[in-house]
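Please read the following note alongside the sequence and the model. The points are numbered so that each may be checked in turn.

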Amino acid sequence: MKKFLAMLLAVVMLLALVACGGGNNDSQGSGGTQPSEPAGGNQPSEPAGDSQPSEPADSGEAVTIKVGGIGPLTGSTAVYGVATQRGAQIAVDEINALGGSVRLEYDFQDDANTTETAVAAYNNLKDWGVQVIYGCTTTGPCVAVASETYADRYFQLTPSASSPDVTDGKDNVFQMCFTDPGQGMTAANYVKDNALAAKVGVIYNNGDSYSTGIAQGFIAQAKEAGLEVVTEQTFPADTNTDFNVQLSACKDAGAELVFMPIYYTPASLILAQANQMGYAPIFFGGDGMDGILAIEGFDTSLAEGLILLTPFDAAATDERTSGFVSKYNELYGETPNQFAADGYDCMYAIYNACQQIDGIADMDNAALCDALIGVFTSGSFSVDGLTGSGMTWTANGEVSKEAMVLTVKNGAYAH
């Protein structure tokens with residue numbers, strides 16, 4: 001009897017084991033004989049926020065870089081800030097549509113062209129979790145913000161703040177635009193090399209560091225090149241509306257060419273008032289003059305013969321430029337100026353540089369700043385964009401690219 005009970009117990013245990021095994025087998029997917037494993041390997045997946053996130057090259061997942069922009073969206077210089085905001089946005093949308101290993105998240109803050117508001121905007125972006133600073137659009141705010149980013153170790157790329165003070169002593173700040181003195185020197189050499197005039201006058205805004213910087217570079221180089229600077233005329237702000245005193249001084253001094261390193265709004269008034277007094281020298285401007293033909297209500301015939309230095313020609317027929325101009329017109333109903341083009345190129349420069357950085361997903365802002373500095377100053381990094389081909393950067397943050405000289409003919413820019 002005991003032997004029978006023992007055998008019966010053994011049979012019951014055997015049946016139980018078979019039942020358990022069948023239960024495991026039923027829980028598997030069709031055709032499987034082993035429990036399914038987490039996707040991507042034999043180990044369970046790590047929880048979100050693990051200290052060793054996967055690399056884009058390994059996992060196929062894009063790393064998002066937060067880029068914060070700063071520039072004037074309100075006030076008298078809003079036209080420039082809006083252009084840099086829009087140009088950059090088009091580039092961000094294109095980049096993210098590529099579906100590559102890096103995507104950009106973009107937020108743009110208004111600084112109203114004041115240093116206090118610019119610093120406040122920067123602090124807002126820090127609260128947002130910004131990793132790279134794009135801006136500022138204008139020089140004064142950019143100098144203030146650059147001091148902050150240098151101390152906090154954020155990489156900064158400005159589309160249009162062109163004073164050397166922006167980058168001076170700050171290894172983390174780079175420019176997409178020409179420097180002010182360099183632009184002035186280039187203009188003076190062009191006047192000399194092309195025998196445009198022997199006597200030149202200069203009208204500039206001595207309340208603006210951009211205008212003053214270019215003017216000083218031009219004046220120094222013009223004298224070095226043997227040109228006679230017959231008068232230097234100033235005005236204190238872009239809100240000035242009467243330029244008869246400055247124009248009369250240039251006319252009375254016999255200036256055959258008037259160099260005006262100013263923005264296009266006051267330039268349009270100067271051209272109109274020169275026409276009214278019958279004064280018709282050659283007028284020559286810098287990149288801030290780009291956009292004068294698009295001013296609402298401006299008689300473009302007044303700008304006939306105007307010469308300007310710019311890195312961007314919206315009338316160019318290459319695929320990159322024509323595509324950008326078409327998209328900008330579609331979205332905003334107007335032709336982009338060089339501020340928009342510089343903004344577009346900034347985003348592609350940041351994107352291209354980020355793609356070259358190993359381990360970018362693990363980096364805080366300081367590590368990313370150092371890595372981007374390393375890429376930009378490597379000597380092998382270059383960018384082909386709307387405002388230049390093969391653009392490179394020096395260790396002091398200055399961009400190297402060719403300037404174009406355009407002349408207004410029949411209401412349009414021409415080479």
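**Notes on the packing of the chain**

1. Phe218 is buried, and Phe259 is buried as well; the term buried denotes under 20% relative accessible area, against over 50% for exposed and partly exposed in between, with a 1.4 Å probe and protein chains only. The model is predicted: local features need pLDDT of at least 70 and side-chain atom pairs count only at pLDDT 80 or more, whereas totals for chains, interfaces and linings use all residues. Residues are numbered from 1 along each chain as its sequence is written, and side-chain values use heavy atoms, with hydrogens and water left out.

2. Rings of Phe, Tyr and Trp (its six-membered ring) are paired if their centres lie within 6.5 Å; planes under 30 degrees apart are stacked, over 60 edge-to-face, and the rest tilted. Phe218 and Phe259 form a stacked pair, with 4.0 Å centre to centre and 15° between the planes. Because Phe218 belongs to helix α8 (residues 209-224) and Phe259 to strand β8 (residues 257-260), this pair ties together parts that are 41 residues apart in sequence. Helices (H or I, at least four residues) and strands (E, at least two) are DSSP runs, numbered from the N terminus.

3. A cluster linked by ring pairs comprises Phe312, Phe324, Tyr328, Tyr332, Tyr344 and Tyr348.

4. An open sheet is formed by 5 strands in the order β2-β1-β3-β4-β5, with parallel pairing; two strands pair if DSSP finds at least two bridges between them. Strands β2 (102-110) and β5 (173-175) stand at the edges with a single partner strand each, so one side of each has no neighbour in the sheet. Strand β1 (residues 63-71) pairs with β2 in the parallel sense over 9 bridges. Ile65 has Leu104 in β2 as its bridge partner.

5. The largest nonpolar core has 99 residues, and those touching the most other members are Ile65, Leu157, Phe218, Met260, Ile292, Met347 and Trp393. Such a core is a set of buried Ala, Val, Leu, Ile, Met, Phe, Trp, Tyr and Cys residues joined through side-chain atoms within 4.5 Å. Helix α12 (residues 338-355) gives the most to this core, namely 12 residues. A second, separate core of 15 residues includes Ile70, Ala121, Tyr122 and Ala161.

6. Which residues does Trp393 contact, leaving aside its neighbours within four places in sequence? Among them are Leu157, Phe174, Met176, Phe376 and Glu398, where contact means heavy atoms within 4.5 Å.
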